[in-house]
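Please look through the sequence and the model shown below.

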Amino acid sequence: MVEQASAWVESPLQMLCAVEAHHAGLLGPASVVIPRAGLRPLQATRRELESLGLPDGLVVTRPRERMPRRVLAVGDAFSGRVQLRWLLSSPGRIVIVDDGRATLNLLELLAEGRFRPLLRARAEPSPTRTALGLAAALRLRMSEVSIFTALPVDDALERAVRQAGVQLVRHDFPWLRAQPPSAEGPAERTVVLGTSLVRNGLVHRDHYLRWLSDLAAREPLAYYPHRREDPTDVALIRERPGITVHDAGAPAELTLRGLDAGQRVLSLPSTAITSLRVLLSPRGVAVEPVHVPDDWWTSRAAPALRSHLTGVPG
């Protein structure tokens, strides 16, 4: 009997990319994807993926609170529970799948010639958390690491990552692209993807809501909230004339595959722009990044952070 490789996922994008990693053969012939318990978007993503028919040899289990003792693939290399699991396991092979902008941050840290703790870009960690992040960075240096990504990585960064001993495996969602759309897209010509920048205190709420209202005054909008968007903000958006809120739950890469030529997707800076262009451009759907005006940013968004957020390749 072939032993199953385990993939631990904590977001819808991680789950989708774990499926693609299995399809690419990166996890071996038999894999099990284990979602973290307590996250409703993961349940919606699981149902959507299973409705498409999972690749042979792959199973997505019911959500669990605890990580298994042996995990081959993860998405969030900055997760405390993931880093602790690495330290409690013997060095070996590690596969890291896409987790949005955090993946680019991880690549930049790994590309540097010196050890730096694996910490989130905006983190203000305690000494204990910094020590864990540093130990996790050391464990990665001792392991055979593959990063499986659909994000554009510039040549200089790619060379530095490979020189650091990390394998960079590229993909363009071949399994998902081969699946027929499971449902029609929204009727509205323009789709807006929600953002977590408001809830994170980086963009002024009133500026963002005013922009949506102005846009909806010109044409009807289909709005897909971000999974970390404040429910209060979503409720305010739902009340605005001309905006239809779609509570999809599953990632946009799954829910928007039914869009047709002539429709378009607008989004504030997000790595979803990249993946949606891969999936939707062949259908004639425009995926357009929205520039964040200077007066939208709050004082919490330092210039370096703004550059990091808006510098995501599209």
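Leaving aside its neighbours within four places in sequence, with which residues is Asp230 in contact? With contact taken as heavy atoms within 4.5 Å, the residues are Arg199 and Arg205. The model is predicted, so local features need pLDDT of at least 70 and side-chain atom pairs count only at pLDDT 80 or more, while totals for chains, interfaces and linings use all residues. Residues are numbered from 1 along each chain as its sequence is written, and side-chain values use heavy atoms, with hydrogens and water left out.

Asp230 is located in the loop between strand 9 (221–224) and helix 9 (231–239). Helices (H or I, at least four residues) and strands (E, at least two) are DSSP runs, numbered from the N terminus. Asp230 is buried and yet has no salt bridge; Arg205, the nearest side chain of opposite charge, is 4.3 Å away. Here buried means under 20% relative accessible area, exposed means over 50%, and partly exposed lies in between, for a 1.4 Å probe and protein chains only. A salt bridge requires a side-chain nitrogen of Lys or Arg within 4 Å of a carboxyl oxygen of Asp or Glu. In assigning charge, Lys and Arg count as positive and Asp and Glu as negative, whereas His and the chain ends are not counted.

Elsewhere, salt bridges are formed: the count comes to 14. One of them joins Arg162 to Glu158, with the closest N and O atoms 2.8 Å apart. These two residues are four apart in helix 6 (residues 155–163), and are therefore separated by about one helical turn. Arg162 is partly exposed, at 38% relative accessibility, whereas Glu158 is buried, at 16%.

Another salt bridge brings together the side chains of Asp247 and Arg238, at 3.1 Å from N to O. Asp247 is exposed, with 56% relative accessibility, and Arg238 is partly exposed, with 42%. A further pair consists of Arg283 and Asp260, whose side chains meet at 3.3 Å, N to O. This pair links distant parts of the chain, 23 residues apart: Arg283 belongs to the loop between helix 11 (272–280) and strand 12 (286–289), and Asp260 to the loop between helix 10 (252–255) and strand 11 (264–267). Both residues are partly exposed, Arg283 at 32% and Asp260 at 44% relative accessibility.

On a 1 Å grid over the protein atoms alone, a cavity is a set of points where a 1.4 Å probe fits but cannot get out, and a pocket is an open set with protein on both sides within 12 Å along at least five of seven lines; lining residues have an atom within 4 Å of a point. Grid points are joined across faces, edges and corners, and a volume is the space filled by probe spheres set on the points.

Among the residues lining the largest cavity are Leu13, Asp98, Phe173, Glu253 and Thr271. Helix 11 supplies the largest share of this lining, three residues. By residue class, the lining comprises five nonpolar, four polar and two charged residues. In this division, Ala, Val, Leu, Ile, Met, Phe, Trp, Tyr, Cys and Pro count as nonpolar, Asp, Glu, Lys and Arg as charged, and the others, Gly among them, as polar.

Phe173, one of the lining residues of the largest cavity, lies in the loop between strand 7 (167–170) and helix 7 (174–177). Phe173 is buried, with a relative accessible area of 1%. What is phi of Phe173 near? The value is near 55°, which is positive in a residue other than glycine. Most residues other than glycine have a negative phi.

The second largest pocket has a volume of about 450 Å³. Its lining holds 19 residues, of which Arg69, Arg70, Val71, Leu72 and Arg93 lie nearest its centre. Strand 1 (5–9), helix 3 (80–87) and strand 5 (93–97) are the elements that give two or more residues to this lining.
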